[in-house]
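Please take a slow walk through this protein model with me.

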Amino acid sequence: MNDPQKRFGPGVVLDNPAFIHDTALVYGHVHIGEGASLWPYVVIRSEMHEVRIGRRTNIQDFVMIHVGNTTPTIIGANCSITHHCTIHGAEIGDNCLIGINATLMDGAKIGANSIVAGHSIVTEGTVIPENSIAAGSPARVIKTRDNRVANIMNAAFYFENAKAYARGDHRITDRDEFRQVMAAELQALASGN
């Protein structure tokens, strides 16, 4: 794999990510956190403001991330930004899952431990509180529930998968070692760690 730091330029800070696919395109002032992963055909641009991707957050295939006219894009730790999402100048708290093909617009804020359902549109300036499930177009809170453990486990799956992809192993779920690591992660979360 080509050295992503050389490909992306001096404004992009890579803080030991787990995996960056060769097709990912990253421009401007962008910080990719430790253990994070960028999957095929991710595009991130920040001509102004900044984009920050948190620790162990996965940005899945075909996601587009850009800044807003007056807002940066900030994504917390242990988040899953799933396939075909558009994140445009929004802020996402820790331990969130943004469902397939969801769109988050300028100034939207998603509280920690939340889920935005697939195909939802979170309109400009919308605030979704912590521990919410939001859905629809425009998105609204349909349920309140602490999704922390489920969302961290999803991020943990992608973290382990990313490390495997970086080694050229595309079938990590076939390995006993993977199942043991995931069981230990769940046990740690269940015990409050």
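**A walk through the model**

T57 is buried, with a relative accessible area of 0%; buried means under 20% relative accessible area, exposed over 50%, and partly exposed in between, using a 1.4 Å probe and protein chains only. Before we go on, note that this is a predicted model, where local features need pLDDT of at least 70, side-chain atom pairs count only at pLDDT 80 or more, and totals for chains, interfaces and linings use all residues. Residues are numbered from 1 along each chain as its sequence is written, and side-chain values use heavy atoms, with hydrogens and water left out.

Where does T57 lie? Its place is the loop between β5 (43-53) and β6 (58-59). Names such as these come from DSSP runs, numbered from the N terminus: helices are H or I runs of at least four residues, and strands are E runs of at least two. The side chain of T57 reaches the backbone oxygen of G76 at 2.6 Å, and a polar atom of that T57 side chain lies 3.0 Å from the backbone nitrogen of C79. If we leave aside neighbours within four places in sequence, T57 is in contact (heavy atoms within 4.5 Å) with A36, S37, I75, G76, A77, N78 and C79.

UniProt, in an unreviewed entry, places the feature "domain: FHA" at residues 51-110; its positions are given in the numbering used here, feature names are shortened, and annotations may be inferred rather than shown by experiment. In the model, the span 51-110 is 0% helix and 40% strand, and its end C-alpha atoms lie 16 Å apart.

Now let us turn to the strands. Strands of a sheet pair through backbone hydrogen bonds, either parallel or antiparallel. Here, two strands pair if DSSP finds at least two bridges between them.

Follow β18 for a moment. How many bridges join β15 to β18? There are 2, and these strands, β15 at residues 115-116 and β18 at residues 132-136, run parallel. I115 stands opposite I133 in β18, while V116 stands opposite A134. With β19, β18 runs antiparallel and is joined by 5 bridges; here A135 faces R140 as its opposite residue. β18 and β19 form a hairpin with 2 residues between them. P138 lies in the loop between these two strands, and the peptide bond leading from S137 to P138 is cis, with omega near 5°. As for cover, 4 of the 5 residues of β18 are buried.

Two backbone angles deserve a look. N131, in the loop between β17 (127-128) and β18, has a phi near 60°, a positive value in a residue other than glycine. H49, in strand β5, also has a positive phi, near 55°. At 36% relative accessibility, H49 counts as partly exposed.

Next come the cores. A nonpolar core is a set of buried Ala, Val, Leu, Ile, Met, Phe, Trp, Tyr and Cys residues joined through side-chain atoms within 4.5 Å. The largest one has 35 residues, and I81, I92 and L104 have the most contacts inside it. The elements that give two or more residues to this core are β3 (25-32) and β5. A second, separate core has 8 residues, including I152, M153, A156 and L189.

Finally, look at the rings. A pair of aromatic rings is described by the distance of the centres and the angle of the planes. Rings of Phe, Tyr and Trp (its six-membered ring) pair if their centres lie within 6.5 Å; planes under 30 degrees apart count as stacked, over 60 as edge-to-face and the rest as tilted. The whole structure holds 7 aromatic pairs. F19 and W39 have ring centres 4.9 Å apart and planes at 50°, so the pair is tilted. This pair links distant parts of the chain, 20 residues apart: F19 is in strand β2 and W39 in the loop between β4 (37-38) and β5. Both F19 and W39 are buried, and together with F157, Y158, Y165 and F178 they form one aromatic cluster.

Terms used: A polar contact is a pair of N or O atoms within 3.5 Å; within protein, one must be able to donate a hydrogen and the other to accept it, and residues adjacent in sequence count only if both atoms are side-chain atoms.
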